[in-house]
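Subject: The model, and what turned up in it

Hi there,

Here is the structure I promised to pass on. Please open it alongside this note, and then read on for what I found in it.

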Amino acid sequence: MAGNTGSTGNTGNTGSTGSTDGNQRGGVPSRQRKRFPGISSRAYEHPADRSALVALRKLSGFDTVFKTLSGLLPERSLRLLFLSDSVRVSDAQFSHLNDMLRDACYILDLDRVPPMYVTQDPVPNAMCVGLDEPVIVLTTGLVELLDEEEMRAVIGHEVGHALSGHAVYRTVLFFLTSVALKVAWIPLGNVAVMALVTALREWFRKSELSADRAGLLVGQDLRASMRGLMKIAGGNHLHEMNVDAFLAQAEEYEKAGDLRDSVLKILNVLPRSHPFTTVRAAELKKWAESRDHQRIMDGHYPKRSEDKDTSVTDSFRESAGHYAQTVRDSKDPLFKLVGDIAGGAGDLAGDLGGRLRNVFGGGTPKDSGKDAGKDTDEGKDSGESSGRGSGE
């Protein structure tokens, strides 16, 4: 199933998307949602995800080569597998999911509606795969677990992956990883491979946060997004769960324990391709309350037509600033220690710089002594400013 996304005749920013509610038929929209004509995926991408994607998009022709190769490699087999052993979503099959898919593509202004399949698997999961043409797959476990608004956010999440081109660039990086494995016999080769895989997984996790944001832009219902994440974590027992208590778990996870717990948290997350569910919920809530999200909802966002002019340097600077801000704001014991050490180093450097300027700046010993104290304080202020500025 591939075609234009014009599921309704309304093209205004606040127009109805023409979706049908699970209990409504006959083309009656469930509710009005804003759409974002020409929106660039940069609008919702996590800074660390965006910097990697901007750099990869600058490699002209690189993704084209992989898209061409994909037609000769497992992607063709994968399509045949889904076509032969899963149910393709359409007006005739899982029509309510088909409505949600077209709505998601309409809201994010995706040029083509990707094929979507439901496959028999009790484990709740969804994925966007394929290079030449993305394919969205939902498991029966997920379809049976989520209500309509929760599912709408999930489908928006997968459409966000498609719009960002995550499938293409993930495959590129997988290819690079496989090449690196072939040279792992070289001394220290294993160390290099593990560094590459670790960086790849870190990017994977950030790309999932990006897609969560896309799901919120499509569903435009934060509570539904939260409910969906809670159900993925705790199953279909919504009456036994509470969004605020779930978010409190994320707060406790971040700040609880000592340095030993901080190390264990790092070791636990390293092999994962997805962030922990409570962390995803907390990150999405934080973004939903941010000025960036509000600007998008007000119609102010980067356009796809501007992607080619995006600066790689600016994107990496923004990513570095985000990580620095995360360290400064984190309540994790290890991150707090790192922040304190960095701040202390800045103070020490400023104090030393002030003393050196006083020694080599001349003046009588008496005056130097007075000025030394003054310069030290000024150096301290300078060091503190430098410490703050280095992370921005």
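Let me start with a pair of helices. In this predicted model, the axes of α9 and α12 come within 9 Å and cross at roughly 170°. Angles over 145 degrees count as roughly antiparallel, so α9 is roughly antiparallel to α12. On the α9 side, the residues that meet α12 are L222, S225, M226, L229 and A233. Their partners in α12 are T277, R280, A281, L284, K285 and A288. Sorted by class, this contact holds seven nonpolar, two polar and two charged residues.

Helix α12 itself covers residues 277–288, which is 12 residues. From its first C-alpha to its last it reaches 16 Å, close to the 16 Å expected at 1.5 Å a residue. Which of its residues are buried? They are T277, T278, R280, A281, L284, W287 and A288. If you colour the model by burial, R280 is a residue to look at: it is buried, and it takes part in the contact with α9.

The axes of α6 and α9 come within 8 Å and cross at roughly 90°. An angle of 65 to 115 degrees counts as roughly perpendicular, so that is how α6 lies to α9. From α6, the contact uses E149, E150 and A153. From α9, it uses A224, S225, R227, G228 and K231. By class, the residues of this contact divide into two nonpolar, two polar and four charged. S225 is listed in the contact of α9 with α6 and also in the contact of α9 with α12.

While you are at α6, have a look at I155, which is found in that helix. Its relative accessible area is 0%, so I155 is buried. Setting aside neighbours within four places in sequence, I155 is in contact with L97, M100, L101, A104, M116 and L138. One of these, A104, is 51 residues away along the chain, yet the C-alpha atoms of I155 and A104 are separated by 7.1 Å.

L142 sits in helix α5 (residues 140–145) and, with a relative accessible area of 3%, is buried. Beyond its neighbours within four places in sequence, L142 is in contact with P124, N125, A126, M151 and V154. For V154, 12 residues apart from L142 along the chain, the C-alpha separation is 9.4 Å.

V113 lies in a loop, the one between α4 and β2 (116–119). Is V113 buried or exposed? Its relative accessible area is 4%, so V113 is buried. The C-alpha atoms of V113 and D103 are 10 residues apart along the chain and separated by 9.6 Å.

Now the cysteines. How many disulfides does a search of the whole structure find? It finds zero. C105 is in no disulfide, and the nearest cysteine sulfur, in C128, is 9.9 Å away. A disulfide needs the two sulfur atoms within 2.5 Å, so the sulfur of C128, at 9.9 Å from that of C105, is too far for a bond. Both count as buried: C105 has 0% relative accessibility, and C128 has 15%.

Two backbone angles are also worth checking. F94 has a phi near 50°, a positive value in a residue other than glycine. F94 is placed in the loop between β1 (87–88) and α4 (95–107) and, at 31% relative accessibility, counts as partly exposed. Q220 has a phi near 55°, again a positive value in a residue other than glycine. The place of Q220 is the loop between α8 (189–219) and α9, which brings us back to the helix we began with.

Finally, the chain as a whole. Its secondary structure comes to 16 helices and four strands. Of the 392 residues in the chain, 42% are buried. Among contacts with a separation of 6 or more, 71% are between residues 24 or more positions apart.

How values were computed. Residues are numbered from 1 along each chain as its sequence is written. This is a predicted model: local features need pLDDT of at least 70, side-chain atom pairs count only at pLDDT 80 or more; totals for chains, interfaces and linings use all residues. Side-chain values use heavy atoms; hydrogens and water are left out. Axes are lines fitted to C-alpha atoms, for helices over the stretch in contact, and angles run from 0 to 180 degrees between N-to-C directions. Angles under 35 degrees count as roughly parallel, over 145 as roughly antiparallel, 65 to 115 as roughly perpendicular and the rest as oblique. Contact means heavy atoms within 4.5 Å. Ala, Val, Leu, Ile, Met, Phe, Trp, Tyr, Cys and Pro count as nonpolar, Asp, Glu, Lys and Arg as charged, and the others, Gly among them, as polar. The expected span of a helix is 1.5 Å times one less than its number of residues. Buried means under 20% relative accessible area, exposed over 50%, partly exposed in between (1.4 Å probe, protein chains only).
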